[in-house]
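Hi,

Here's the structure I said I'd pass along. Have a look, and my notes follow below.

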Amino acid sequence: MKILLWVVLTPVVLLVLGVGVYFLKAIVQGAIEGWRSDPDAEEATARAAERVAALGLLPPERQHTKLAAPQPQALTVALAAARAGDWEPAAALLDGTAAARDWERRTAYCEKFADVGAEDDAWLLSWEAARPDDPGAALVRARSSVFLAWRIRGAKRARYTTSEQFEGFHRTLARTRGEHARAAELAPHDDPSPYVGEIWTAIGLGYPHEEMHRIWRDITSRAPHHYEAHFSALQYWCGKWHGSEELARAFAVRAAAEAPPGTLMRAFPLIAHFEHDESDSADVDRTPEMYAAVDAALADAAAADPDHPRLAEVRHLLAYYLYLQDRWEPALEQFRLVDGYVDALPWRYKGDPAGEFCRMRDESAVNAADERGAA
């Protein structure tokens with residue numbers, strides 16, 4: 001009897017469900033079509049597009065996803081030469097940073113060359129053969145080995161990473177300890193670059209806190225307000241690696257408090273906040289403390305050397321938090337200063353970096369124009 005009842009009722013049930021799904025789809029489709037044909041919505045979209053176009057801002061497809069800012073022409077040429085097998089332009093650039101004692105630019109350039117070396121090191125091998133004790137070559141070798149190790153591991157979470165990947169990662173990363181030590185031996189005595197690079201070895205191998213403190217002393221005795229060093233060390237102290245939210249925030253606050261204006265150190269409380277913010281609400285970004293932190297970072301950016309190689313990264317972060325705080329005019333100003341490039345926090349954490357950047361930028365532009373019109 002139960003079987004017979006089920007046989008009889010099943011077609012009825014399926015018919016009812018089918019009709020329900022049909023009407024649900026019709027309702028949803030009608031709502032979408034109604035929204036699309038809403039003349040007010042279309043007019044608002046057109047006005048927004050006009051405002052953005054009038055400012056000369058670039059669409060998502062024209063945003064550079066591999067850079068945070070325009071790259072110096074000399075660096076672009078040297079990277080192209082390295083990919084073609086010629087090491088001399090890279091060596092000349094790094095020689096220049098050492099002569100000028102420009103450690104910020106030295107580590108920034110080294111990072112770019114190391115990325116190329118991790119793909120293909122034939123040019124780097126030629127450099128090492130021609131100048132066996134070149135401090136620049138030793139620095140790039142150590143950093144490129146770190147890059148190679150992380151590529152072997154892959155970007156997925158640990159549970160999706162194979163034992164073979166982990167074994168190759170740890171083997172390659174262990175080698176970088178000696179390579180960084182050699183780079184430090186060859187480097188000018190006041191060059192912090194080899195120790196800055198070693199932070200990522202410390203992160204990957206899980207150096208104990210005491211060892212990280214040793215690296216930090218070696219860095220800060222040479223360059224107490226080095227941006228990349230602080231950014232990398234903050235990653236170590238974050239909860240996702242070998243610290244905690246409390247340790248990361250304390251590190252960031254101390255860096256900001258101890259630094260003179262223009263060093264960009266006042267961005268680090270914002271970065272520490274970003275790294276540990278799991279809220280779905282912007283309310284946590286609109287506290288008096290966060291307003292003060294954004295204002296301090298704004299003043300720091302204004303006081304910085306316009307050619308500071310990391311200034312654009314700070315501007316990206318400022319644009320994001322000014323947007324979240326509904327501070328449309330200053331947000332738009334920061335967006336305009338970095339428009340065309342999106343490889344920076346917070347965009348690189350987004351599924352669609354260029355799309356998210358442009359969405360917040362355009363909303364800031366529209367609201368800023370409305371505020372000006374209402375004034």
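A residue counts as exposed when its relative accessible area is over 50%, as buried when that is under 20%, and as partly exposed in between. Keep in mind that this is a predicted model.

E119 comes out at 52% relative accessibility, so it counts as exposed. Its side chain meets that of R151 in a salt bridge, at 3.9 Å from N to O. The pair links distant parts of the chain, with R151 in helix α7 (residues 135–153) and E119 in helix α5 (residues 103–119), 32 residues apart. R151 is at 37%, so it is partly exposed.

Helix α7 also holds R143, which pairs with E228 of helix α11 (residues 227–237), 85 residues apart.

Next, a local one: E211 and R214 sit three residues apart in helix α10 (residues 209–220), about one turn of the helix. Their closest N and O atoms are 2.7 Å apart. Both belong to a salt-bridge network that also takes in R177, E198, D218 and R222.

Finally, some helix packing. Helices α15 (residues 311–324) and α16 (residues 328–338) pack at about 150°, with axes 8 Å apart, which means α15 runs roughly antiparallel to α16. The crossing is left-handed. Their contact has eleven nonpolar, two polar and one charged residues, including L318 and L322 from α15 and W328 and F335 from α16.

Cheers

Definitions and conventions: Residues numbered from 1 in each chain as written. Predicted model: local features only at pLDDT ≥ 70, side-chain atom pairs only at ≥ 80, totals over all residues. Heavy atoms only, no water. Axes fitted to C-alpha atoms, helices over the stretch in contact; angles between N-to-C directions. Helix = DSSP H or I, 4+ residues; strand = E, 2+ residues; numbered from the N terminus. Parallel < 35°, antiparallel > 145°, perpendicular 65-115°, else oblique. Left-handed = near helix turned anticlockwise from the far one by under 90°. Contact = heavy atoms within 4.5 Å. Nonpolar A, V, L, I, M, F, W, Y, C, P; charged D, E, K, R; others polar. Salt bridge = Lys/Arg side-chain N within 4 Å of Asp/Glu carboxyl O. Buried < 20%, exposed > 50% of the residue type's maximum accessible area, 1.4 Å probe, protein only.
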